[in-house]
Amino acid sequence: MAKTVSPNSVSVILANPCPDSSSDFPEIVVQVLDLKATGNKYMFMASDGKMKVRALLQSTLASEVTSGKIQNLGLIRVLDYTLNDIPTKNEKFLIVSKCDAVSPALEAEYKDEVKVEGSGTDLKPNQVMDVDVKTEYAGIALKPKQEVMAKSAAQIVPDQRGNMAPAARMSMTRRVHPLASLNPYQGNWTIKVRVTGKGNMRTYRNARGEGCVFNVELTDEDGTQIQATMFNDAAKKFFDTFQMGKVYFISKGTLKLANKQFKTVENDYEMTLNENSEVEEDNNEATFLPETKFSFTPIDELGPYVNGRELVDVIGVVQSVSPTVSIRRKSNNETIPKRDIVIADETYAPIIKKTVVVSLWNDLATSFGQELLDMANKSPVVAMKSLKVGEFQGVSLSALSKSIMVVDPDMPEAKKLRFWYDSEGKDTSLAAIGQSPSNRNGARSMYSDRVSLSHITSNPSLGEDKPAYFSIKAYISAIKPDQAMWYRACKTCSKKVTEAVGSGYWCEGCQKNEDVCSLRYIMAVKVSDASGEAFISVFNDQADKMIGCTADELNEIKLHDGEASYQKKLKEATWVPHLFRVSVTTNEYNNEKRQRITARAVAPIDYATESKYLVEDMTKIKLSKNLLN
């Protein structure tokens with residue numbers, strides 16, 4: 001066999017659970033058995049023909065499997081790994097963070113005979129031993145062959161280096177683990193990371209008392225990110241230690257599954273540091289610049305991220321760059337610079353290209369924005385990481401302090417976009433995403449993420465992790481006149497008020513008593529379209545537009561004109577078409593999950609704009625059919 005496994009590869013792995021990358025390490029080639037997907041990672045059994053060990057390919061290697069380079073029954077060369085103990089089982093677990101494909105699938109599982117020294121007994125191929133099971137043959141316990149442990153850098157370093165700085169000692173005495181290799185079951189580890197995001201110190205209050213918390217975003221040399229959170233004593237200890245842009249060695253932290261609702265980086269886990277964790281700044285060697293990894297979202301698919309916590313990466317051709325303007329913050333009256341740029345991508349090309357406005361603030365507006373302004377006539381391609389999606393005159397993007405901007409990056413997506421723009425994109429028409437072309441200050445995001453009602457009602461999982469946003473065109477088919485249509489509200493803060501003792505109304509928010517109050521809508525209405533119907537929750541501003549009068553005015557009709565006039569007014573509002581921007585969430589009632597649809601904006605139909613949207617939609621369908629044919 002031309003290509004085969006390395007002899008005793010699993011034994012070498014077992015004897016070196018955390019190999020020192022600086023030592024002369026033997027080649028490790030194993031066969032991949034029982035390869036199967038688990039989320040965005042792949043599980044398998046690593047075999048050398050004599051022994052096997054359970055193993056996991058990190059998510060960064062998933063593309064090697066999907067591309068066919070790594071196959072079941074194939075051979076891989078393990079270049080970097082971590083061997084963990086699973087606390088709940090007497091079992092070892094191999095995590096492969098770097099490897100090369102050596103051979104495609106062999107005809108069968110590779111097996112070799114095992115000879116136990118001193119016994120004169122051979123184990124046949126069908127007696128291959130798994131490392132997590134003790135096997136005895138003729139009274140002899142079989143154990144993995146113990147190799148001589150390779151010396152670490154700390155064992156061969158001269159004695160005179162014992163007085164080195166703490167960070168240098170940490171780097172020489174411990175193996176630095178890549179972030180991609182970490183998991184909650186791992187023991188001791190040390191990471192080397194740069195601080196690419198730092199939050200403010202926040203205070204909180206719960207049943208256990210008051211406390212403080214802050215978090216940082218950490219990036220290693222491979223570009224993998226993780227969020228680390230510190231509470232109370234740890235927050236006070238490390239808040240001044242962590243500085244933006246600096247590199248640190250970190251150890252003695254814990255990991256847990258990331259909360260999808262609050263995570264701001266792409267990682268399955270999040271880190272917690274306590275007061276016993278070790279954090280040392282790296283001052284003794286050249287600091288690294290993390291490799292920036294992008295996960296681009298097309299401009300036309302930004303709608304679901306509007307006003308959400310999740311940040312996005314985009315790439316586009318710069319169409320225009322505005323001058324810098326000064327904006328005054330409401331919070332502290334501070335003046336900060338702002339600059340807007342408009343980028344386009346090839347969504348719906350070659351007929352229509354989508355554009356979006358990106359707001360740059362502070363240094364990004366004055367430095368990076370000026371760089372773009374100087375080269376705007378060349379229409380550069382710009383890749384942007386970690387942008388917040390907002391809803392100002394349609395879908396818009398805003399840069400944060402941790403956002404990363406790269407002009408004309410050397411990546412396939414940029415080259416493809418440049419070729420498209422130079423060849424045909426610059427001659428196509430423009431359409432701002434999520435904005436009504438004829439009404440710049442009107443219906444916000446009414447034309448992005450347009451779906452039918454059945455798309456929402458037939459997907460009960462929508463909104464489980466975070467609110468999902470959609471636009472719908474529907475008729476108000478019913479408004480129940482006997483429901484609680486409004487509540488009594490404070491004229492100052494609009495919060496609910498209660499009748500005060502004696503007279504007037506008490507507002508808990510303003511902590512004062514007022515003689516009069518106002519009424520504000522809060523109700524449920526049934527809406528329908530060609531695909532089905534659903535109840536949606538509607539609040540004051542949206543209900544005003546739907547019914548055509550305020551809650552106070554509707555109450556006056558009910559009190560003075562009678563029930564018949566009241567119901568007639570509600571009936572006049574039905575079977576009128578509207579555009580709705582809705583959010584979809586799930587809540588639990590009597591141990592049953594229910595979908596809640598809430599109207600966030602309501603607008604009448606502008607038929608000229610609607611016609612343009614339908615033409616665009618038909619163009620999209622036509623292009624899709626042409627691609628399929």
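Is Thr 272 buried, partly exposed or exposed, and what is its relative accessibility? In this predicted model, Thr 272 has 23% relative accessibility and therefore counts as partly exposed, since the label "buried" is kept for values under 20%. Thr 272 belongs to strand S17, which covers residues 269-273. Leaving aside its neighbours within four places in sequence, Thr 272 is in contact with Thr 229, Gly 253, Thr 254 and Lys 256. The chain also brings Phe 231 into the picture, for although Thr 272 and Phe 231 are 41 residues apart along the chain, their C-alpha atoms are separated by 8.5 Å.

We can now turn to a lysine in another strand. Lys 338 lies in strand S21, made up of residues 335-345, and with 17% relative accessibility it counts as buried, because that value falls under the 20% cut-off. Which residues does Lys 338 touch, not counting those up to four places away in sequence? One part of the answer is Pro 323, Thr 324, Val 325 and Ile 327, and the other part is Ser 359, Leu 360, Trp 361 and Ala 365.

The last stop is a helix and a group of charged residues. Asp 552 is found in helix H10, which runs through residues 551-561, and at 32% relative accessibility Asp 552 counts as partly exposed. Patches are made of residues with over 30% relative accessible area, and Asp 552, with its 32%, is above that limit. Together with Glu 553, Glu 556 and Asp 561, Asp 552 forms a negative surface patch.

How values were computed. Residues numbered from 1 in each chain as written. Predicted model: local features only at pLDDT ≥ 70, side-chain atom pairs only at ≥ 80, totals over all residues. Heavy atoms only, no water. Patch = residues over 30% accessible without salt bridge, like charges linked within 9 Å, V, L, I, M, F, W, Y side chains within 5 Å. Areas by Shrake-Rupley, 256 points an atom, 1.4 Å probe, with all protein chains shown as cover. Salt bridge = Lys/Arg side-chain N within 4 Å of Asp/Glu carboxyl O. Lys, Arg positive; Asp, Glu negative; His and termini not counted. Charge placed at Lys NZ, Arg CZ, Asp CG, Glu CD. Helix = DSSP H or I, 4+ residues; strand = E, 2+ residues; numbered from the N terminus. Buried < 20%, exposed > 50% of the residue type's maximum accessible area, 1.4 Å probe, protein only. Contact = heavy atoms within 4.5 Å.
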